[in-house]
Amino acid sequence: MVKNTLNVGRIEEGFVLDHIQAGKSMDIYKYLHLDKLDCCVAIIKNAKSSKMGKKDIMKIECPIDFMDLDILGFIDHNITVNIIQDSQIVDKKCLHLPKKITNVIRCKNPRCITSIEQELDHVFVLTDPENEIYRCQYCEEKYR
Amino acid sequence: MRHLMSPLDFSVEELDRLMDLAGDIEAHPDKYAHACDGKKLATLFYEPSTRTRLSHEAAMLNLGGSIMGFSSADSSSASKGESVSDTIRTISCYADICAMRHPKEGAPMVACRHSSIPVINAGDGGHQHPTQTLTDLLTIRSLKGRLDHMTIGLCGDLKFGRTVHSLIHALVRYEGIRFVLISPEELRLPSYIREDVLDQKGVPYEEVVRLEDALPNLDLLYMTRVQKERFFNEEDYVRMKDFYILDAKKMALAPEDMYVLHPLPRVNEISVEVDDDPRAAYFKQMQYGVYIRMALILTLLEIEV
């Protein structure tokens with residue numbers, strides 16, 4: 001192994017998420033509920049990047065129709081999503097801010113109905129795409 | 001099927017039609033006395049209210065319909081832990097239309113998603129209170145003859161005062177509206193209204209602390225109560241509650257055609273000596289509240305007379 005490098009093997013089918021802001025990969029792990037999936041995940045933190053200085057990379061081995069990646073647009077739409085099939089990049093997905101996100105973030109307004117109705121989905125709607133503002137569908141509280 | 005969640009659920013044209021209908025009801029009440037024969041209104045009030053609940057009930061009774069419901073969470077299955085969505089599914093089997101007040105913001109929206117009858121949001125926490133807004137709009141239109149080109153002072157608790165939030169949403173759709181926001185620092189209008197509604201639509205406004213400074217330039221003054229139930233802390237409430245008191249001396253600073261509105265109940269923010277002033281319109285407002293709710297019930301039930 002060359003000094004200061006780390007090799008992670010190819011994946012057959014799945015996703016390579018590149019240009020993740022350094023340190024954010026564990027958030028993505030959580031948001032994509034990867035802890036609940038029985039698949040192979042490699043997380044590379046603080047990899048060297050000519051563009052970003054430092055970045056995180058994730059490799060997720062799973063069927064490509066298995067995962068909803070829209071949420072990545074909410075976390076950071078600068079992430080590059082490479083879609084892998086037969087160990088080759090077959091597509092690069094452009095990320096957009098999703099119009100609606102369900103059960104990813106929770107409304108923190110103590111006066112919101114979601115604070116007492118346990119079964120209720122926590123739904124946030126993109127109300128201002130320019131400033132990337134999401135509001136709770138029920139109480140309109142801004143997500144910070 | 002339509003619900004009423006926010007004053008923006010109706011277009012300006014639909015609002016005009018609704019207010020025209022309310023005007024016709026006021027002029028010819030007998031014509032509408034049996035319009036809702038056999039129909040039932042359920043009032044689901046999870047927190048106390050006098051005016052809003054009774055005015056909905058009066059509206060349905062005036063239309064010949066009947067009423068049912070509860071007036072506090074303690075006297076409903078909510079006290080046993082029943083969810084809003086389960087309650088509304090049940091009520092949908094009993095009534096033709098319902099009005100819901102709930103201390104939690106967004107509760108009526110949850111209800112309308114599971115309801116098979118029209119749901120009227122009768123106030124959800126500090127969020128929206130659309131039927132009050134419809135009342136306010138009808139009152140303003142009836143007294144001033146228009147809803148555009150006005151300077152409107154909003155005074156008191158602008159932070160938690162849902163009537164104010166709903167009224168702003170509704171009035172920014174009319175041309176030439178300008179707001180003077182009169183409140184203590186701690187009770188200023190929330191950013192989601194200031195930035196996303198007023199700033200985004202380019203509606204002029206100024207924020208002032210002293211009521212006296214604003215009065216001479218207003219076409220309309222909308223007073224609100226500092227609501228004890230919105231404070232988590234008794235100390236903060238006590239500090240804020242006497243911040244504004246409108247009395248005869250202050251009214252002397254106001255133009256002769258500046259009407260005073262208040263969603264009521266008042267505590268002491270309008271002195272009783274103002275009640276005899278011809279510009280005090282808050283009791284007329286209550287009567288308009290019944291007419292507009294009658295018009296709303298007819299519209300949501302799609303009953304034509």
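This report walks through a predicted model with chains A and B, from the overall layout to a few individual residues.

## About the model

Residues are numbered from 1 along each chain as its sequence is written, and chains are lettered from A and ligands numbered from 1 in the order in which they are written. Because this is a predicted model, local features need pLDDT of at least 70 and side-chain atom pairs count only at pLDDT 80 or more, while totals for chains, interfaces and linings use all residues.

Chain A splits into domain 1 (14-93) and domain 2 (100-136), with bounds that come from an automatic or database domain assignment. Taken over C-alpha atoms, the centres of these two domains are 24 Å apart.

Where chain A meets chain B, 15 residues of chain A are in contact with 13 residues of chain B (contact means that C-beta atoms, placed from the backbone, lie within 7 Å).

## The annotated binding site in chain B

An unreviewed UniProt entry lists a "binding site" that includes B:Gln132, B:Leu264 and B:Pro265; positions are given in the numbering used here, feature names are shortened, and such annotations may be inferred rather than shown by experiment.

Let's look at B:Gln132, which is found in helix H5 (residues 130-144) of chain B. Helices (H or I, at least four residues) and strands (E, at least two) are DSSP runs, numbered from the N terminus. B:Gln132 is buried because 25 other C-beta atoms lie within 10 Å (buried means 20 or more such atoms within 10 Å of the residue's own C-beta, exposed 12 or fewer, and partly exposed in between, with C-beta atoms placed from the backbone). Not counting residues up to four places away in sequence, B:Gln132 touches B:Thr163, B:Ser166 and B:Pro263.

B:Pro265 sits in the loop between strand S9 (259-261) and helix H11 (282-300) of chain B. B:Pro265 counts as exposed, because it has 10 C-beta neighbours inside 10 Å. Leaving aside neighbours within four places in sequence, B:Pro265 is in contact with B:Thr50 and B:Arg225.

## Backbone features to look for

Most residues other than glycine have a negative phi, and most peptide bonds are trans. In chain B, the peptide bond from B:Leu264 to B:Pro265 is cis, with omega near 5°.

In chain A, A:Asp86 has a positive phi of about 50° although it is not a glycine. A:Asp86 is in the loop between strand S4 (80-85) and strand S5 (88-93) of chain A, and is exposed because it has 7 C-beta neighbours inside 10 Å. A:Asn103 has a positive phi near 55° and lies in the loop between strand S6 (100-102) and strand S7 (123-128) of chain A.

Methods
Contact = placed C-beta atoms within 7 Å.
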